[in-house]
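Here is a walk through one protein, taken a piece at a time. Have a look at the sequence and the fold, then read on.

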Amino acid sequence: MRKLKKIGLIVVGPLLGVMLSLSYSAIADKETKPQLPLDDLRTFAEVFGKIKSDYVEPVEDKKLLTEAINGMLSGLDPHSAYLDADAFKDLQAGTQGEFGGLGIEVGMEDGFVKVVAPIEDTPAYKAGLKSGDLIMKLDDTPVKGLSLNDAVKRMRGKPDTKITLTVLRKGEAKPLTFVLTRAIIKTQSVKYKLSEPGYAYIRITQFQEHTGEDLAKAIKTLREQNKEAFKGLILDLRNNPGGLLNAGVGVSAAFLPKGELVVYTEGRGEEAKMRLTANPENYVRGGARADYLRDLPADLKTLPLVVLVNGGSASASEIVAGALQDHKRAIILGTQTFGKGSVQTILPMNNGAAIKLTTARYFTPKGRSIQAKGIVPDILVEEATVNSQEHAAMLREADLSRHLSNPKEAEEAPIVQPAPAEEKDSKPATPAEPDSKDQKDKAATPAGPIEPGSKADYQFNQALNLLKGLQILQRK
């Protein structure tokens, strides 16, 4: 139980957005309190007083202090943040798989809202929003000048109400218009099907409280449908923004021998230094008796396995992919992942709010830091798009301002990625308003996304072909 308490951390998708994940962590009181910088505090008090006396309009003390806290945390890195009471409640609901809004992970970059990843089966996903899209207007309100929290609050609202997003997309000459209907979003963490006799497909959209248990149920169901051992399995982690750390450890443990190292973390405090292995105490509450993996087929530890990743795979997704890659347990196929290698701890405050604070970096079993780098697939396969823009437009951790550095960057070889296909007469849109009403009316509304695991899903089909090829080699 002691180890499980330590993993009360979140390893979420890239930034605070409409969707976040939650876990609690209690930290011990420090015996030695740091000395406060009195000169800097005097300066703060002086600035506070000047605003109160000289600003063009009266400002409430609470607003000034809240904004000061916001600035103190957001100035650290892209993932530390102050969560007011409402945002904290949304965070708690998100971890349990149900929350209100559009279903979109977003972050702030250069004053605009950037899409990190749309969450599957949500209004944003069905409308065709993509990672890297730049939101410039919410209804008639320009995003420039809004904080990320303000933008997120505007995107939230009562179910069945509409909101219009004006979006800039790389490769599109004009802004795109999306009309979305808000909904109560219930995310299904684990989706699965028998792609063909002998070949299982499991997609994890996000790591939630019951993801590990749902994965075990999916495997048992598929095994009953198949009526014999699998010839191969595809684990799809594309556009999975992360979630709970213990859920990621549990998914890894389903495919790794018991006791193998999954991930370790390094931080300043003792609580931030962990080594999490494929043992029940690291992924279930209640110890070995509640181990949801104990009844899974033994051959799950050795069957051919392909893991699909892309630039929307972040945090806990990268932990799973990195562990399976380091142990040579799976072939990683797709494109370079997001590169979020830091751990955030949720610290509740006395006023009902909370702070999300970066407390550690995490490392793969072989000591690789994923921070600002990501997981490089064993086989690089681009997503099939009409104009080959998907790879070029993907937002990653290294693109975010104030991102943490990779402590092992100098020790590792540079990443080699395939160059996107050459484009003709295509220029990226720039952050500017449409010139006229005609432009607004003519703005394109793109089609919806390709269904993961379908015949139109190029990366999925390449993974399936790879598994079939491995079967042929095994017979020889």
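## The big picture

Two residues are in contact when they have heavy atoms within 4.5 Å of each other. Take the contacts in this protein between residues at least 6 apart in sequence: 74% of them join residues at least 24 apart. The protein has 12 helices and 21 strands; these are DSSP runs, numbered from the N terminus, with helices being H or I over at least four residues and strands being E over at least two. Of its 476 residues, 51% count as buried. Buried here means under 20% relative accessible area, exposed means over 50%, and partly exposed is in between (1.4 Å probe, protein chains only).

Some ground rules before going on. This is a predicted model, where local features need pLDDT of at least 70 and side-chain atom pairs count only at pLDDT 80 or more, while totals for chains, interfaces and linings use all residues. Residues are numbered from 1 along each chain as its sequence is written, and side-chain values use heavy atoms, with hydrogens and water left out.

Helix 7 takes in residues 211-226, 16 residues in total, and reaches 22 Å from its first C-alpha to its last. That is close to the 22 Å expected at 1.5 Å a residue, where the expected span is 1.5 Å times one less than the number of residues. Which residues of helix 7 are buried? They are Thr211, Gly212, Leu215, Ala216, Ala218, Ile219, Leu222 and Asn226. Because they cover an arc of only 160° around the axis, they are on the same side of helix 7; the arc is that of the directions from the helix axis to the C-beta atoms. As background, an α-helix has 3.6 residues a turn, so residues three or four places apart point the same way.

On the other side of helix 7, Lys217 and Glu224 are exposed. And what do the buried residues of helix 7 pack against? Their partners are strand 11 (190-196), strand 12 (199-204) and helix 8 (245-255). Helix 8 is itself mostly covered, with 11 of its 11 residues buried, including Leu245, Val249 and Phe255.

Two strands pair if DSSP finds at least two bridges between them. Aspartate 236 has leucine 308 in strand 17 as its bridge partner.

## Strand 5 and its neighbours

Strand 5 (residues 112-118) is mostly covered, as 6 of its 7 residues are buried. It runs antiparallel to strand 4 (residues 104-109), and 6 bridges join the two. In this pairing, isoleucine 104 stands opposite proline 118. Strands 4 and 5 make a hairpin with 2 residues between them, and aspartate 110 in the turn has a positive phi of about 55°.

Strand 5 also runs antiparallel to strand 6 (residues 134-138), joined by 2 bridges. There, valine 113 stands opposite isoleucine 135.

## Rings and charges

The structure holds 4 aromatic pairs. Rings of Phe, Tyr and Trp (its six-membered ring) pair if their centres lie within 6.5 Å; planes under 30 degrees apart count as stacked, over 60 as edge-to-face and the rest as tilted. The rings of tyrosine 201 and phenylalanine 460 have centres 5.1 Å apart and planes at 80°, so this pair is edge-to-face. It links distant parts of the chain, with tyrosine 201 in strand 12 and phenylalanine 460 in helix 12 (residues 458-475), 259 residues apart. Tyrosine 264 and phenylalanine 363 make a stacked pair, 5.2 Å centre to centre with 15° between the planes. Both tyrosine 264 and phenylalanine 363 are buried.

Charges sit over rings too, which requires NZ of Lys or CZ of Arg within 6 Å of the ring centre and within 35 degrees of the ring normal. Lysine 193 lies over the face of phenylalanine 460, at 5.6 Å from the ring centre. Likewise, the charged end of arginine 223 sits over the ring of phenylalanine 230, 5.7 Å from its centre.
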